[in-house]
Amino acid sequence: MTTTQNESIPRIQAGKVHALTQLCREHYRLSIQVPNLREALPGQFVHLCAPTNDDSHYRIVDDQDDSHHQDWAMLCQTPMLRRAFSIAAIEKTSDGILVDVIFRVVGKATQWMASLSPDDPVSLLAPLGNSFPISSTRKKAWLIAGGVGLPPMLWLAQAMKQHEKQATLFYGAQSSQLLALDLDKGTPCSTDATQAVLASPSLAASDVPVVISTDDGSVGIHGHIGDAIEAHFASTAPDPDNLIMYTCGPERMMRFVADFCSERNIECYVCVERAMACGTGTCQSCVVAITDESDPQGWRYKLCCAEGPVFNAKTVVWDTAP
Ligand SMILES: Cc1cc2nc3c(=O)[nH]c(=O)nc-3n(C[C@H](O)[C@H](O)[C@H](O)COP(=O)(O)OP(=O)(O)OC[C@H]3O[C@@H](n4cnc5c(N)ncnc54)[C@H](O)[C@@H]3O)c2cc1C
Ligand code: FES
């Protein structure tokens, strides 16, 4: 599952599309084949874009000059900056390494990604960022995903199995049409938050049951995933010293999970998203406020791309987040 720890492997890899699968109305799984990859762990991300052998269209364009309109069209079709995507899975094959990402179509880059075909070229800068710490003592792990925060949790679920942890996935989505998870038709997810069910074939392989909630009640529990977590915690009464939580998704949801854990003294890690231009700690565009006792104001900005995206939940200063 992890790849070779080798600094000599270039971080920019010329990849090609292995497969593109539509998972639901707006989510796709893109599997990219690269010749090689440095060691990567759950929580890390890739920065990807269309490769360009010809940079001649990256020049100042005079809007008044008709002859440049074709260049404008090209610029608008090809995303200029790389975009960040959490790694959802990594698999070694005889032809190289498959890196999977799951994305929701929200803008130009994701529209381009949804239009790709097998063998199309993709440039991958990877792996970037830090990873989820694995506890040596806590045996139970709750993985809490909201919306497009699901991908890193799928890879983490596999890692939990390898580390012999007892993991449960909590996944909240807007509706069944925006559910990026495969579900077993013969094993429906419960509408009772106290019941975690092996309802997803891909997670069943890692022995990870799921609790699903949807805002409109079209699948699983009707309501917010936070309500499901509270109900599941109340009914199963896990020992807080034996439990660790990991979360990724909308900031409001992660903040709820962080507060829930803080009130019960449960260790918790959040995977934070910021708009990222460079992805490598140069442009300073991706700051997150993190507590720092040595700083006079009690906190300082850290870079989400280079010092995150995973942070200990109790160190995140949510109110100052940009
Ligand atoms: C570390 C990291 C991991 C990520 N993992 C995933 C993933 O696994 N799957 C996935 O679908 N997306 C993920 N994202 C978000 C993804 O990178 C952005 O949504 C990206 O901008 C999409 O590019 P686009 O050109 O399609 O849309 P854009 O044109 O860039 O943006 C479209 C809309 O989304 C908003 N937007 C852009 N970036 C963000 C952001 N970071 N947070 C909130 N709103 C944003 C914009 O303001 C705009 O309204 C991740 C981001 C980070 C930083
Ligand atoms: S994206 Fe440039 S410093 Fe983080």
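**Around the ligand**

Tutor: Start at ligand 1: one of its nitrogen atoms lies 2.9 Å from a backbone N or O atom of I102. Bear in mind that this is a predicted model.

Student: Noted. How much of ligand 1 does the protein bury?
Tutor: The protein buries 68% of ligand 1. Taken alone, the ligand exposes 880 Å².

Student: Which residues are closest to ligand 1?
Tutor: A84, I102, A109, T110 and R274 are the closest. In total, 19 residues surround the ligand.

Student: What does R83 do there, in terms of distance to an oxygen atom of ligand 1?
Tutor: A polar side-chain atom of R83 sits 3.0 Å from that oxygen atom.

Student: And S86, how far is its backbone N or O atom from a nitrogen atom of the ligand?
Tutor: That distance is 3.1 Å.

Student: Switching topic. How many helices and strands does the chain have?
Tutor: Seven helices and 16 strands.

Student: What's the strand order in the antiparallel sheet?
Tutor: The order is β4-β3-β7-β1-β2-β6-β5. Seven strands make up this open sheet.

Student: Which strands stand at the edges, and why is one side of each left without a neighbour?
Tutor: They are β4 (83–86) and β5 (89–93).

Student: Give me one pair in detail. How many bridges join β1 and β2?
Tutor: Six bridges, in the antiparallel sense. Strand β1 covers residues 12–22 and β2 covers 27–34. As an example, L20 has L30 in β2 as its bridge partner.

Student: Which helix packs on that sheet?
Tutor: Helix α3 does, touching β2, β4, β5 and β6 (96–104). The direction of α3 makes about 60° with that of β5.

Student: Now the mixed sheet. What's the strand order?
Tutor: It runs β11-β10-β9-β8-β12-β13-β16. This sheet is open and has seven strands. The edge strands are β11 (221–222) and β16 (310–312), and each pairs on one side only.

Student: Are β9 and β10 parallel or antiparallel?
Tutor: Parallel, over five bridges. Strand β9 spans residues 166–173, and β10 spans 210–214. Y171 has I212 in β10 as its bridge partner.

Student: What does helix α6 touch?
Tutor: Helix α6 (residues 251–264) packs on the sheet and touches β8 (140–146), β12 (243–248) and β13 (267–271). Its direction makes about 165° with that of β12.

Student: Is K165 buried or exposed?
Tutor: Buried. Its relative accessible area is 13%, and the cut-off for buried is under 20%.

Student: What is K165 in contact with?
Tutor: Leaving aside neighbours within four places in sequence, its contacts are I134, S135, S136, T137, R138, K139 and M160. A polar side-chain atom of K165 lies 2.6 Å from the backbone oxygen of S135.

Student: How far apart are K165 and I134?
Tutor: They are 31 residues apart in sequence, and 9.4 Å apart in space from C-alpha to C-alpha.

Student: Last one. What share of the chain's residues is buried?
Tutor: Of the 322 residues, 49% are buried. The chain exposes about 15200 Å², with carbon and sulfur atoms supplying 48% of that.

Conventions. Residues numbered from 1 in each chain as written. Chains lettered and ligands numbered in written order. Predicted model: local features only at pLDDT ≥ 70, side-chain atom pairs only at ≥ 80, totals over all residues. Heavy atoms only, no water. Pairing = 2+ DSSP bridges. Helix = DSSP H or I, 4+ residues; strand = E, 2+ residues; numbered from the N terminus. Contact = heavy atoms within 4.5 Å. Axes fitted to C-alpha atoms, helices over the stretch in contact; angles between N-to-C directions. Near = heavy atom within 4 Å. Polar contact = N/O pair within 3.5 Å; in protein donor to acceptor, adjacent residues only side chain to side chain. Areas by Shrake-Rupley, 256 points an atom, 1.4 Å probe, with all protein chains shown as cover. Buried < 20%, exposed > 50% of the residue type's maximum accessible area, 1.4 Å probe, protein only.
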